[in-house]
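Hello,

Here is the structure I promised to pass on.

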Amino acid sequence: MLQVTSVTHRYDVSQPWLHRVLVGEPRQCLTAVDNVSFRIERGETLSLVGESGCGKSTVARLVVGLHAPSEGTIRFQGETLSSVRAQPALRRQFNMIFQDPYSSLNPRWRVRDVIGEPIRVFGLASDQVALRQRVDALLVQVGLVAEDGEKYPHQFSGGQRQRISIARALASEPVFLVCDEPTSALDVSVQAQILNLMRDLQRRLGLTLLFISHNLAVVRHMSDRIGVMYLGSIVEIGPADDIFHAPRHPYTRLLLDALPDMTQTGRKRSPVGGPIWCEVPDPIDPPTGCPFHPRCPLADARCRREKPTIMLSGRTEVACHAVEEGRLPDQ
Amino acid sequence: MTLLSVRDLVIEIPSRPGLTRRAMARFIDGVSFDIDKGEILGVVGESGAGKSLTGAAITGLLPPPGRITGGTVELDGQRIDGLPPSMLRRLRGRRIGMIFQDPLTTLDPLFTIGQQLVETMRTHLPLSDTAARARARDWLDRVGIPGADRRIDAYPHEFSGGQRQRVVIALALCAEPDLLIADEPTTALDVSVQAHIIALLHELARERGTAVMLITHDMGVIAEIADRVAVMYAGRIAEIGRVDSVIRHPSHPYTDGLIGTIPSVAHRLDRLRQIDGTMPRPDAMPAGCAFHPRCPKGFDRCRQDRPLLRPVGDSLAACWLA
Amino acid sequence: MTGFWLQSDLVNGFRNAPLAVASALVVAVLVVAAAFAPWLAPHNPMDVASLSLLDSFKPPFGMPDADPANPLGTDNQGRDVLSAIMFGLRVSLLVGFCSILLAALTGGAIGLLAGYAGGLADAVLMRIADIQLTFPAILTALLVDGIIGAALPRTMRESVQIYVMIFAIGISLWPGFARTIRGSTLMERNKDYVLAARVIGVPAWRIALTHVLPNVLGPVLVIGTLGMGMAILTEATLSFLGIGLPPTHPSLGTLIRFGNDFLFSGQWWVTAFPGLALVLTVLSINLLGDWLRDALNPKLR
């Protein structure tokens with residue numbers, strides 16, 4: 001359904017022109033997404049996981065067409081994204097859910113207007129009455145009541161606002177949804193409710209999902225396939241079970257190991273990762289060669305020089321010299 | 001040996017400030033717990049449960065118009081709630097260190113971190129300027145800032161998020177307090193950095209015998225480094241006990257539900273266990289047990305009488321089922 | 001929407017701030033006095049026929065020879081100062097309000113456009129605003145007034161002067177509105193609800209008007225109120241300098257100017273009371289605006 005090919009996206013983060021001229025600074029570009037390719041089949045859920053600066057949110061925005069990629073193509077059901085966006089009938093087939101329940105709803109609009117907007121824009125309701133009915137039905141579908149339509153967003157809790165966001169995303173009757181960290185701002189128990197809701201809706205409506213998150217555990221429950229991103233590139237991508245039970249890329253292993261494990265109380269943990277004080281480098285100034293090499297216990301001279309390309313290895317694709325050369329220790 | 005003793009703490013905040021009629025709502029309603037010397041107590045709960053308020057109340061940093069209206073807080077046998085601000089100021093830093101969630105606002109952007117460390121140390125300890133500076137350098141080394149000699153004169157904005165949090169930890173511990181209150185120390189950080197920070201906290205606390213009150217919503221973090229855990233719900237403690245008992249054999253239905261809702265990496269579930277409904281707001285607290293509207297095992301008594309903490313196995317739980 | 005406002009903290013806070021209530025009351029009194037001046041004023045200073053030189057220079061209440069019919073005294077032609085103030089207030093408030101409205105509408109539209117469109121449009125519009133801001137507002141108003149005045153035939157000048165004033169002062173004040181609205185727009189346009197509308201393909205102009213505009217209007221009320229004081233003063237200054245409104249349709253400024261001639265001959269009341277009225281008006285409007293700004297400041301909430 002969705003095909004992303006060699007997409008690269010750069011942001012121009014240079015200082016204003018006058019400043020640059022006076023100080024003599026060159027333009028500065030931040031490569032948020034670097035030669036990323038993946039596909040999503042109809043009905044499946046692909047999750048993109050990574051920490052800050054990995055580019056997953058940028059990918060989400062590129063996929064729905066909020067920005068045009070600097071390089072590469074994105075195809076939706078065979079057609080290029082730009083032509084899809086130009087046709088309302090096609091454009092309504094995808095929609096997006098955002099992370100922050102507090103800024104994703106217009107504080108001055110009533111909830112029924114918020115949910116009704118996609119319906120109005122795409123002309124899916126014949127008149128006001130039909131519109132009202134559809135909005136009420138959507139509210140019930142996400143676990144709220146029809147009367148909630150009269151209220152304003154600030155009268156709801158974070159979890160309820162996410163439900164409203166979901167209702168809005170479903171209002172245009174899409175087949176494909178991009179979810180940008182929808183539960184990251186919610187409490188654990190509310191998160192469980194929202195994730196269950198999303199799974200139910202997906203099953204019932206046959207949706208295809210692109211799910212973005214930094215939380216591997218959440219992603220475990222939502223995905224068929226998982227892609228791990230680091231500093232703008234996909235380092236490993238494959239079926240969820242394989243990623244979790246047999247992670248190959250050192251970064252994937254680091255992420256999995258970093259997850260606090262509740263079944264092991266008092267576990268003495270020595271966190272994985274080369275010089276252990278390193279963190280994710282600044283995306284403006286990425287390391288040479290493989291972006292992960294400063295933190296990788298398996299890094300060698302080749303890793304510092306050459307950026308690994310993603311290759312199929314078993315059922316997952318991995319971008320790592322150590323894997324390619326068979327240097328990877330078993331877990 | 002008990003270091004901190006909180007008994008029946010009640011904190012009230014006017015629920016609609018600005019109106020002529022002020023209704024006070026109990027944001028913390030009868031919370032009691034102890035922290036022994038050198039022990040790590042985790043305080044876990046969701047947003048609105050009152051865990052940050054408890055931490056703030058202990059150090060006297062409760063934002064007005066909130067007030068402690070009942071109960072006592074004792075540090076080493078002496079009451080510290082209700083002390084005048086000047087005495088509380090001396091307490092903070094010297095006997096109680098604090099770490100907040102956002103390292104960006106904890107550090108003063110106008111001063112170098114060396115200056116901030118030295119100032120904190122010299123306020124509470126009898127040290128000369130050179131001695132304090134040497135110690136500051138050692139602290140930076142200890143918390144893992146590479147190149148401490150140079151970095152001691154750097155400003156906060158020159159550090160990354162994780163490094164700033166390390167500096168904040170150094171700042172909190174440099175005056176050698178007996179108790180450290182850490183309020184969501186890792187929430188604003190990336191997952192891989194969280195692991196390091198938690199390990200660092202654990203190490204430092206053990207090394208110096210500092211007691212820690214670790215406030216977080218992340219049960220996994222508590223599971224890793226805490227000795228005991230207190231589960232808070234709606235301004236009350238639902239369960240408190242040794243970490244392995246509470247996590248493996250939770251006695252309170254809320255604790256059980258909370259642990260169940262956390263998705264595990266081990267296997268994929270068809271449906272996550274969920275707790276329906278939301279935490280009640282302080283001005284709309286149900287009668288009896290605060291959790292009963294959402295509790296799968298509630299019965300009549302739960303609706304009428306509020307359960308107090310009673311022993312269940314080696315923990316304490318506030319539940320009539322115990 | 002009204003329900004939203006009536007229940008808001010704003011109204012509750014207002015009831016608890018005595019200064020705000022007091023200044024609001026004063027403003028209300030002034031507005032009523034000005035609006036209904038033709039009916040409320042004890043005399044009509046415009047009606048030449050009713051004037052009599054015998055009434056000239058009557059001193060105000062409390063001084064010897066005071067006439068209770070003229071509590072604030074009369075001027076050299078027998079015009080009642082109180083009535084003149086009421087009519088003058090009318091003109092002053094009208095000019096102040098209309099010019100601010102003009103400034104808000106143009107400044108707001110430009111600010112919204114610049115903030116939402118960004119890029120070249122933003123840069124150009126804001127540079128124009130910056131350039132205009134380097135000139136004191138009074139100077140700009142003076143300039144506009146002069147240009148239009150020179151362009152109009154002499155006969156028309158007096159009757160349209162009030163419109164020219166409104167236009168000139170409005171034009172001099174638009175950059176303030178533009179910059180504030182632009183700032184708020186910049187903040188709002190990156191919020192997720194705007195992105196959500198963009199995802200489904202709502203055209204930019206519609207997003208700006210239906211989504212962004214309601215959220216950036218807050219500060220407009222504040223600058224509008226504070227700006228009105230400024231507008232009234234600007235007009236008064238221009239009138240005092242003789243370039244503003246003519247004596248046939250005097251504003252408070254014109255009255256002050258007029259009475260200034262008699263200040264040192266001992267008939268102080270002809271200039272003092274209009275001056276006092278001006279101060280009272282601007283002060284209460286400013287206090288109201290100050291309170292509004294603090295009340296609406298999200299950081300203080």
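**The two domains of chain B**

The C-alpha centres of domain 1 of chain B and domain 2 of chain B lie 28 Å apart. Domain 1 covers 2–226 and domain 2 covers 239–322, with bounds taken from an automatic or database domain assignment. Please keep in mind that this is a predicted model: local features need pLDDT of at least 70 and side-chain atom pairs count only at pLDDT 80 or more, while totals for chains, interfaces and linings use all residues. Residues are numbered from 1 along each chain as its sequence is written, and chains are lettered from A and ligands numbered from 1 in the order in which they are written.

In chain B, 14 residues of domain 1 are in contact with nine residues of domain 2 (C-beta atoms, placed from the backbone, within 7 Å). On the domain 1 side, β2 (24–36) and α9 (219–225) of chain B each give two or more residues, and β2(B) gives the most, with four. Helices (H or I, at least four residues) and strands (E, at least two) are DSSP runs, numbered from the N terminus.

**Strands in chain A**

Strand β1 (residues 2–12) of chain A pairs with β4 (residues 71–76) of chain A in the antiparallel sense, over five bridges; pairing requires at least two DSSP bridges between the strands. Here A:T5 stands opposite A:T73. β4(A) also runs antiparallel to β5 (residues 79–80) of chain A, joined by two bridges, and A:R75 has A:T80 as its bridge partner. Two residues lie between the strands of this β4(A)–β5(A) hairpin, where A:Q77 takes a positive phi near 50 degrees.

Best wishes

Note on methods. Two residues are in contact if their C-beta atoms, placed from the backbone, lie within 7 Å.
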